[in-house]
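My notes follow in the order I took them.

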Amino acid sequence: MVNVAVVGPGLVGQALIQQLLAHEVPGLALPLVGVINSRRMLTHSAPSGHLQPLASPGQWAKQLADAEAADLKAFVTRLAATPGPSVIVDCTSSLAIAELYPAWLAQGLHVVTPNKKGFSSQYELYAAIRAQTGPRRPLVYHESTVGAGLPVLNTLYDLVRTGDEIVRIEGVFSGTLSYLFNTFSSAGGNDAQAFSAIVAGAKALGYTEPDPRDDLNGLDVARKVVILARVAGLALSLEDLDVENIVPAALRTVATADEFMAQLPASDDHFTELNREAAAAGTVLRYVGTVDPRGRSSVKLVRYPFDHPFAGLKGSDNIIAFTTKRFASPLIIQGAGAGAAVTAFGIFADLIKVAERTA
C-alpha cells in the first residue's frame, strides 16, 4: 500500500483523484489520505495521529470546503509520520512548492508531479532533487512535465540508461502552439484565417493561457526542452537556450491580455508573410523545441517540408522525435500532449511505478 496525498486539486488534481477512485490497480493499493489547496486541507487521522484513507473519498471536494485551515508543513509532517510508503503528488505550478521537494525527499516521502518548475528552474534545485533519489532512497517521477501522458521521459530515460547516444531531440511540445500553427500553416495552402483570429478562437476555446502571450513567448516550451536536456545528461538551463518570442515586440509590454488581443490584428501581415514564404518554399511553420547535445539547443519557429512528420500534425497534438546512435531514423512519439485527463493518466502511471518499486 502506498499512501497518496495531493497538493493542488485543480483541474489536473481533480482528474487524478477521479481516476484513482474509479480504478483499482490489481495487487496494488493507492489510498487517498490527504488533499490540500491554498486555503484548506483534508486528512483523516487515527488516534495515533497517523493518516488513514479518507473516510468518504468520493466526497473529498465537499469535505475539503469545510476542512481545517491549510498548513502545508503540518500536512507533510503528518504524511511523513504515517507508517508505510507515502507519496506527495504536487499538481501545482508553483516554484515555491517545487523548492520543497528536497526536504520532502529527506523525510522519506516519494514525489510525483506534473510541475515543471523543479526540473527546469535553477540547476542547483534540480541537482538537489536528484541527490535525494536513487536505489533504496525516495523516488521522484515527473513524466507529465513533458507531453502530459505521452511516454516521453520514460522513453528518454530508457535510451540513456541503455547506453544509447542522443544525437538530437526535437518536437512540438505545446498543445496551444501546435493548434495555432497546424491551423494557420498547412500543406494545403496559405489561405488560412488571419493569425490573430486563430489566436482569438483558441483563447475562446480555452486552448491558450488567459494571456496568450504566456504561450507565444515560448517559455513553457523552453522549460520542457531544459527538462529533456537534463534527463539526457546535459547541465542546461533556461538562459542557455535560444528562445524565439513570437509575441510582436510592440505588444510585449501592453498592460493586459485584452489590450494585447485588441492590438494583435495589426501584426497579421507579419505572420501572413512568414506563412507565404514558407508555402512558397514547400514548407509549413511549426514552433519547435530542440535539444542539441553538440550545438545550441533552441526554441523557435521552424520550417518543415510538406512530407515531414511534423508538417502533418493535426489539432493540438504533440510530436517528439528522438534521433540517437541506434535510432538514426528518428523514434517518434505523437499524441495528445495537454489536457487534464491525459496529464492525470501520466501521474497515475507514475504512482503505479512508485507502488511497484516499493512493494
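Entry 1, burial. I count a residue as buried when its relative accessible area is under 20%, as exposed when it is over 50%, and as partly exposed in between. The model is predicted, and I kept that in mind throughout.

I started with Ser178, which sits in helix 9, residues 175-184. Is Ser178 buried or exposed? Its relative accessibility is 1%, under the 20% cut-off, so Ser178 counts as buried. I then looked up what surrounds Ser178. Setting aside neighbours within four places in sequence, I found Ser178 in contact with Val172, Leu313, Gly315, Ser316 and Asp317.

What is the strand order of the open sheet of 7 strands? I read it as 4-3-2-1-5-6-7, and the pairing is mixed. Strand 4 and strand 7 (140-141) are the edges, each pairing on one side only. Helix 1, residues 11-22, packs on this sheet and touches strand 1 (3-7), strand 2 (32-36) and strand 5 (86-90). The direction of helix 1 makes about 160 degrees with that of strand 1.

Strand 6 (residues 110-112) and strand 7 run parallel and are joined by 2 bridges. Val112 has Tyr141 of strand 7 as its bridge partner.

Which residues of helix 15 are buried? They are Thr343, Ala344, Gly346, Ile347, Phe348, Asp350, Leu351, Val354 and Ala355. The cover over these buried residues includes strand 1, helix 1, strand 5, strand 6 and strand 7.

How many salt bridges does a search of the whole structure find? The search returns 11. I went through some of them.

Arg78 and Glu68 meet through their side chains at 2.9 Å, N to O. Arg78 belongs to helix 3 (residues 72-81) and Glu68 to strand 4 (residues 68-69), so this pair ties together parts 10 residues apart in sequence. Arg78 is partly exposed at 24% relative accessibility, and Glu68 is partly exposed at 36%.

Arg294 and Glu165 form a salt bridge at 2.5 Å, N to O. This pair links distant parts of the chain, 129 residues apart. Arg294 is in the loop between strand 10 (283-291) and strand 11 (298-305), while Glu165 is in the loop between helix 8 (152-161) and strand 8 (166-172). I noted Arg294 as exposed, with a relative accessible area of 62%, and Glu165 as partly exposed at 35%.

For Arg303 and Glu277, the closest N and O atoms of the salt bridge are 3.5 Å apart. Arg303 lies in strand 11 and Glu277 in helix 14 (residues 268-280), so the pair ties together parts 26 residues apart in sequence. Both partners are partly exposed: Arg303 has a relative accessible area of 41%, and Glu277 has 35%.

Lys116, Asp220 and Lys224 are linked in a network of them.

Note on methods. Residues numbered from 1 in each chain as written. Predicted model: local features only at pLDDT ≥ 70, side-chain atom pairs only at ≥ 80, totals over all residues. Heavy atoms only, no water. Salt bridge = Lys/Arg side-chain N within 4 Å of Asp/Glu carboxyl O. Helix = DSSP H or I, 4+ residues; strand = E, 2+ residues; numbered from the N terminus. Buried < 20%, exposed > 50% of the residue type's maximum accessible area, 1.4 Å probe, protein only. Pairing = 2+ DSSP bridges. Contact = heavy atoms within 4.5 Å. Axes fitted to C-alpha atoms, helices over the stretch in contact; angles between N-to-C directions.
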